[in-house]
Amino acid sequence: MVGVDAGDQDSGLRLAEVVAAFSLATDLGLGQPMEHVLRSWLIAVRLGERLGLKAEARVALYYVMVLAWSGCVADSAEVAAWFGDDIAFRSDSYRVDLAGLPLMGLALSHAGAGTPFLHRLRLAANLVLTGGRAVERGLMSHCLTTTQMAGRFGLTAEVCDPLRQVFTRWDAKGVPDGVGGEDIARSVRLFHLADTVEVFQRAGGAEAAVEVARARRGTQFDPELVDLFCGAAHEVLADLDAMAELEALMEAEPGLRRQLSERELDAALEAVADFTDLRSPFRAGHSRGVAGLAAEAARLCGLPDREIVTLRRAALVHDVGMHGVPASILDKPGPLTGAESERMRLHSYWTARVLARPPALARIGAIASLANERLDGSGYHRGLSGAAIPATGRILAAADACQAMTEPRPHRAAFSPKQAAVQLRREVRSGRLAADAVDAVLTATGQQRTKRRAGPSGLTPREIEVLSLIARGASTRQVAHALGITAKTAGTHIERIYTKTGVSTRSTATLFAMQHGLLDSLEPADL
């Protein structure tokens, strides 16, 4: 009898469980309590039952609901550049009907938040003069990125196509312009209504949810769905225990019971890692880099194969809690305030919370949340020390520190490998990092691949250099400066990259680079 390939073995996790966990991170990025997305799904599925949705449509509705907001990471840096705290902006966006004057009013009220008055004035004037086209571009980037994530999870057109309509409206005043009414997939119309009424129900009860539904009937929301909801609001909104309902539905719906193979689980966690790193251009490829270093260091340390696999997976998702940190903090060029530092320190706590269930994922999450612990107890979020930090946690901490040092950050250029080694040795002498873990990580860095001579999709070595830079947020002018070429030549390279790879935005180009391992092929240039 032929044995089953290790990658084809059952991982013990379902795709529905993995995306449910990622939706908790999405909640953080929306400025909503955890399980907002799942409660919204429960509202939508209850309405869907009243519409007579068949099993296949209910499964597609689940994935549309839990993934619809996942693309919000794609435009975090851009939203922060316009409106300051991107999470606060998204949270406040629920208060208004996002079209026309209400949308412009929201944008103007947040324009340049936290910056000097003259800068806020310039941004506000630009929004008025351009009619908010920058905001519209961000919405389109969101939709394209969300669809890519669904594709990475192996989901079909029944999910991917509707996700392109997340920012449409019943009155056709959304994005893409002119798409409205019955042209919007029913799953997206259910999402529009359920996503909003959940927020208002939580704040003001069923009456508030009904009021907002009626107020936006025929503009943002499908009138038929509004009437259906308002006629059964108290039943639809009762006992919104989303996790219990999800577990029951996964048992009842064959389409949600599909188990991931070991290989499929790795691919799913890589997708989560890539989308997490999109929150900041400075962190592009960070999670994959940490995973590679940690896995090789664990092998050098003699850890069992099963532990190496779990550690690599934990490294992929160790920063998933970053979804709760505003891009204005992640990309701040100067020192953080006390409050900002505290919010940054919370990200490892959020990582543990996001990955707390089911048990197979919780094991990964328990290790992932150790990335910022230190042997002397000075780390976070638990403040563990000494023997309380397992070998996997020690290796992850060293790998994360090493990878971060060799990447550029808003307040500093990337360290050279030699500089990083000196700093890591200093951390060992101070009692913060484990000597054996640091030794293994530094050995692993010496075994990394050298500069590529050929790239995927026919990219030349120069184009890979350019892609690496734009994936980390460099403008055309900065690419030209870093590589010693003209801005026109840099622009030509970027156009060719987009043509060869079939992408159309910086975020999708970044995903291509991460997916093909291109960000670890070059030392980051000092911009």
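Biologist: Is C230 buried or exposed?

Modeller: C230 counts as buried, because its relative accessibility is 18% and the cut-off for buried is under 20%. Please note that this is a predicted model.

Biologist: And C160, buried or exposed?

Modeller: C160 has a relative accessibility of 11%, so this residue counts as buried.

Biologist: How many disulfides does the structure hold?

Modeller: The structure holds zero disulfides.

Biologist: Let us turn to the whole chain. How many helices and strands are there?

Modeller: The protein chain contains 27 helices and two strands.

Biologist: What share of the residues counts as buried?

Modeller: Buried residues make up 55% of the 527 in the protein chain. As for the surface, the chain exposes about 21,600 Å², with carbon and sulfur atoms supplying 54% of that area.

Biologist: What about contacts between residues 24 or more positions apart?

Modeller: Such pairs account for 69% of the contacts in the protein chain that have a separation of 6 or more.

Biologist: How many positive and negative side chains are there?

Modeller: There are 59 positive and 61 negative side chains, and the centres of the two sets lie 6 Å apart.

Biologist: Which residues does E262 touch?

Modeller: Leaving aside residues up to four places away in sequence, E262 touches A6, G7, Q9, D10 and S11, together with R306 and R313.

Biologist: One more position, please. Where does T460 lie?

Modeller: T460 lies in a loop, with α23 (435–446) on one side and α24 (461–471) on the other.

Biologist: How does T460 count in terms of accessibility?

Modeller: T460 counts as partly exposed, because its relative accessibility is 30%; that class lies between the buried limit of 20% and the exposed limit of 50%.

Biologist: What separates the C-alpha atoms of T460 and H493?

Modeller: A distance of 9.7 Å separates those C-alpha atoms, while T460 and H493 are 33 residues apart along the chain.

Note on methods: Residues numbered from 1 in each chain as written. Predicted model: local features only at pLDDT ≥ 70, side-chain atom pairs only at ≥ 80, totals over all residues. Heavy atoms only, no water. Helix = DSSP H or I, 4+ residues; strand = E, 2+ residues; numbered from the N terminus. Buried < 20%, exposed > 50% of the residue type's maximum accessible area, 1.4 Å probe, protein only. Contact = heavy atoms within 4.5 Å. Areas by Shrake-Rupley, 256 points an atom, 1.4 Å probe, with all protein chains shown as cover. Lys, Arg positive; Asp, Glu negative; His and termini not counted. Charge placed at Lys NZ, Arg CZ, Asp CG, Glu CD. Disulfide = S-S within 2.5 Å.
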